[in-house]
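Opened the notebook to go through this one piece by piece. Plan: helices, metal, pocket, then strands.

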Amino acid sequence: MPAIPPASGLEPTQPAPGSSPQAAQARSQPLSLPTPGDPSLALIPAARQDINTLEDQTRYSIALNIDPSLRSFQGGARVEYTNQEDVTLDEIYFRLLPNGHKSYGNGSLKVSEVLLNGEVAPTELSLQDTVLKVKLPESLPPGESAEIELAFEGEVPVDFGGQSEPAGYGIYNLSQDVLALSGWYPILAVYDDQGWNLDPISEIGDSVYSDTALYSVRVCASDELALAATGRSIAEQTSDGTTCTQLESGPTRDFFLIASPSFQVDSQQVDGVTVNAYSLPGHASASRQALKIAADSLRIYNQKFGPYPYAELDMVDAPMRNALGVEYPGVFLVGDTLYDEPDEAGFAITIAHEAAHQWWYGVVGNDVFDSPWLDEGLATYSSSLYYEFDRSPEFVNSLFDFWQQRYDRLKKEGKDDQITAGLEYFEDQGASSVYGTVVYIKAALFFRALRQEIGDEAFFTALQRYYQEHKYGVATPTDLLNAFEEAAGKSLEAFYNQWLYTPER
Ligand SMILES: [Zn+2]
């Protein structure tokens, strides 16, 4: 890999606080890391007290320099981690997601050095370099903290890697002057009742399973770029053609960013949230339509599920393949080709679906490898609520007719399957259409039937409680299914068995 020159106009390099002198020497070009700001600035005023209820959140302080070519970047991160599990840990795992290729395309993310509490730490890469194990010289009991510093650099695929395989979604990619950076920093793996979750990157669905954390990120890049990112910009400084932007995320389970010199931005306020629509040249009118759909979706979901807590939501027109849209905390992408036909139902459904992921995946997390239906099924069903409350009953009926037909076709082909199966199971089936039809559409039909079974009041009460109780956490299918039973005041076991676990073949 060629050496990557630092972007011009940066602060003088200096060892991060806490580094040992040897370590500072070993690191060739350490980036000075941002001082964490006030995370509550990323939240709407009514949600700011949420920060006080979250104890021991991991804190990421990250500096990112984007090369002027937009093909590579260099970064440094300090991760303040507290063991929130009830077991003592002997190692900590990070994921270097782009190295798994598949949905990330054929780029790379390399970690050049890892310090633990200021000392060089022994590390080990595995699973196609997507797993970075940091061995702890002394075990970390519950409640104890460790500080990990990492230097890293990445190369992004250009135009989805051209003809070469794998062609990613465009989430870690440079195309049409749009640089999308998903998985660009080492992200902590999740430790749960299965131990450390170190799933291989999947060809289908989303491959980020993570806990919420507080991110302070400073991005330095050409001042010609417009930047959309998780969280909110709290300071900006430009010199010699380079703009450094500091962002605070509030409690989010990832930090995504996307930049382009071509973006135009339209904005609208909804319930105290700024909704920004970033669009590419030629899409100004479609983007204004998109902004209205996103704003209306946000308003409806705020009423039906509970308030979106962040001060900003960015919707971005982006070159994509093999996916119509992708969600990240505070940001979602909508494939650029959809903007060519903004009156097609697919445009509004995609926007309403990705917006709903802010509730299902973003605020309430789930294990996207084991239970992708939890967020995908809810997001798909939620998009029908946008139609129900913004358009008319005929629209909703035609949407469900369309979904029913797709599901019926799958059944006819003998391919009906369990809604609750994991991502790997569907990936092994080969056809992503089975995954889409079962995990998105059949699950949406399940939620519609469930609402008819228990009534509107119990249905929405359950969703509101589920949202409130698992805010910033990770929920399981049992959490959701129990919430409906509690709100309905009856067992739904037979109903669940029929819909969730008994495929019709
Ligand atoms: Zn989705």
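**Entry 1: helix 5**

How many of the 19 residues of helix 5 are buried? I got 16, so I'm noting helix 5 as mostly covered. A reminder to myself: this is a predicted model.

I also looked at the span of helix 5, residues 372-390. At 1.5 Å a residue, its 19 residues should span 27 Å, and the end C-alpha atoms are 27 Å apart, which agrees.

**Entry 2: the zinc ion**

Which protein atoms are the donors of the zinc ion? I found NE2 of His-353, NE2 of His-357 and an OE of Glu-376, lying 2.0 to 2.1 Å from the zinc ion.

His-357 is in the loop between helix 4 (345-356) and helix 5, while Glu-376 is in helix 5, so the pair ties together parts that are 19 residues apart in sequence. Both His-357 and Glu-376 came up as buried.

**Entry 3: the largest pocket**

I looked up the largest pocket and noted a volume of about 1,100 Å³. It is lined by 44 residues, and the closest to its centre are Asn-322, Ala-323, Leu-324, Gly-436 and Tyr-440.

Which element gives the most to the lining of the largest pocket? That's helix 8, with seven residues. I have strand 22 (325-328), helix 4, helix 5, helix 6 (393-412) and helix 8 (432-454) down as each supplying at least two residues of that lining.

**Entry 4: strand 8 and its partners**

I followed strand 8 (residues 145-155) next. With strand 2 (residues 72-82), strand 8 pairs in the antiparallel sense over 11 bridges. There, Phe-73 has Gly-154 of strand 8 as its bridge partner.

Strand 8 also pairs with strand 4 (residues 108-116), antiparallel again, over eight bridges. In this pairing I found Leu-115 opposite Glu-149 of strand 8.

Last stop: an open sheet of four strands, in the order 9-10-18-15, with antiparallel pairing.

I noted Leu-179 standing opposite Ala-259 in strand 18.

Methods:
Residues are numbered from 1 along each chain as its sequence is written. This is a predicted model: local features need pLDDT of at least 70, side-chain atom pairs count only at pLDDT 80 or more; totals for chains, interfaces and linings use all residues. Side-chain values use heavy atoms; hydrogens and water are left out. Two strands pair if DSSP finds at least two bridges between them. The expected span of a helix is 1.5 Å times one less than its number of residues. Buried means under 20% relative accessible area, exposed over 50%, partly exposed in between (1.4 Å probe, protein chains only). Donors are N, O and S atoms within 2.8 Å of the metal (3.2 Å for Na, K and Ca); water is not among the atoms, so sites may look incomplete. On a 1 Å grid over the protein atoms alone, a cavity is a set of points where a 1.4 Å probe fits but cannot get out, and a pocket is an open set with protein on both sides within 12 Å along at least five of seven lines; lining residues have an atom within 4 Å of a point. Grid points are joined across faces, edges and corners, and a volume is the space filled by probe spheres set on the points.
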